[in-house]
Amino acid sequence: MGMTDVLIVGAGPTGLVLACDLARRGVAVRIVDRSPAPPRTSRAKGPNPRSLEILDDLGVAEEVLAAGSAPLPMLKYRDRRPVAEADPWADSAPSPDARYDRGWLIAQWRLEGILRDRLAGYGVRVEPGREVVGLAQGRDGGDGGDGGHVDVTYADGPAGRARYVVGCDGAHSSVRKLLGIPFEGTTAEDQVMVCGDVDLADGVLDRTRWHQWFDEDGAVMLCPIPGTRTGWWFQAGPERDGRGRPLAPTADGFRRLLAHHTALPGRDLTRADLLSTYRVNVRMADRFRAGRVLLAGDAAHVHAIAGGLGMNTGIQDAFNLGWKLGLVLAGHADAELLDTYEEERLPVAARTLDLTSERLRATLEAIRRPGGGLDTAITPDTTGLGVGYRWSSLAAGDRAQQPERPGPRAGDRAPDAPCADAATGVRTRLHRVFAGPRTTVLGFGPGSAAVLRGTADAYCGGGVRVCRVYAAHEDRAGAEPGAVVDDAGHASAAYGTGASGDTGAGTVVVVRPDHHVGVLAPAGDARSVREYLRRLHGTGRSAERSPGMVDAVR
């Protein structure tokens, strides 16, 4: 029985992002899905700004942007007449610290196809029709010690073995059920929506708008699907029987709903498929890890659709977990690093459940008034850019930091900033510097040079890169490869480092592979940097050859 490093169960966006992140680290990864073929589902309407940053890091953002469209203004109707228009993004614009100021509309099947193609570039393909029916943790009891594994049984075909298994298999997760992890919460049987992909006759509705009819007795929402000529996402309140119970969605039912709420005749709806009923489920697993098996995405948490955070929370779970699995499997970090996945992501999931439930409540209230609509669900909270982990044990270095200091704190998302390559003058950005599966150490001010040099000597390319950020006025003769010039001062402003170049002091920032700040310390505090890197990356490759080398980081 061949051993793989990580078996991912479920090939939706969460599983595919995790597989891409692991594969580019050289991890032996398999990804299986119980469906015999990739589902052609549109479901999630697309990535939010934080997910776009992650897709950018994986090298697919440009393709995602090209395949989709910007989010559309919402045209709202009452009694079949337009009564209001809202563009929740009208006042937003990209900023130096955040390149993406809005989410992006793209059918989920299209996003999954882009991620599958990227994964195939690493020589990994989704294995369809593979349903996991048994998991048994071997030898080390699942505590992550050396020699441990998980034996995996499939509904048919030979069994498999993996060092770790990650369940990304959705709300009805087989992996979660096999582990016996409770999925506590509520299902609101009365909060029901019918959904599907439909074709409308060409030209009957303006495809530059998301049309929303909200009446006292129900609602219909139609959003054009990018990349199609006549395809629309259809969402509506269900038809009900004589006792008020929701009826299952059908094409004819969609036509009746269309004719009832809109000025369009039912025959204008020419095709309806991927029909489903959506109920508001608010549930969460009470733990995200059981030994060598972990849960991510909807397998770990489901919540109200408001704000569009379902797929996005899963993508962000995957980006938090991938680098940690990579460092543990490479033998650089202890298996305890995997405990920080639950420590960081479970509170985020809990907060997301609260946030989406509140947005749903606000939206249901708003649509009772003419002109109210889904724009109520969109707030700065739904961008994902504000999510951080200040409480995490991986942000421990922050305890002594002055809270009034400007800029991010340990655990926060590391801001982006436009800058220029010090050697060539070519425009770049800090998030491009961070891209790829490594930890980055940024040095601001001349005083940071010693720490950067010591770090480079100790790790010499082994998963850690260093980047000196020069102020515009600093002499950069002899700048190290990869150094950047903060020519407009945006990096210094974003990280709160001030005019450090004037004083000869400086600041050092350790940025984790998932673009969160690990350490933000004065350049003289080499010890904090050294201890943090040691926890993630061991003592470094050069240190194994020459114990004295690590002293250079002191």
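This report describes two regions of a predicted model, a seven-stranded sheet and a crossover built around helix α1.

## The seven-stranded sheet

Seven strands come together in an open sheet, and read across the sheet their order is β17-β16-β20-β19-β18-β21-β22, with mixed pairing. At the edges lie β17, which covers residues 427–429, and β22, which covers residues 517–522, and each of these strands pairs on one side only. On average, neighbouring strands in this sheet are turned by 30° against each other, when direction is ignored.

One of the pairings joins β16 (residues 418–421) to β20 (residues 484–486), and these strands run in the antiparallel sense, with two bridges between them. Within this pairing, D421 stands opposite V484 of β20.

Strand β1, made of residues 3–9, pairs with strand β2, made of residues 29–32, in the parallel sense over four bridges, and V6 stands opposite V29 in β2.

Is helix α1 largely enclosed or open to the outside, and why? Buried here means under 20% relative accessible area, and 11 of the 11 residues of α1 are buried, so the helix is largely enclosed by the rest of the structure. The buried residues include P13, G15, L18, C20 and D21.

Definitions and conventions. Residues numbered from 1 in each chain as written. Predicted model: local features only at pLDDT ≥ 70, side-chain atom pairs only at ≥ 80, totals over all residues. Heavy atoms only, no water. Pairing = 2+ DSSP bridges. Axes fitted to C-alpha atoms, helices over the stretch in contact; angles between N-to-C directions. Right-handed = clockwise from strand over helix to strand, strands pointing away. Buried < 20%, exposed > 50% of the residue type's maximum accessible area, 1.4 Å probe, protein only.
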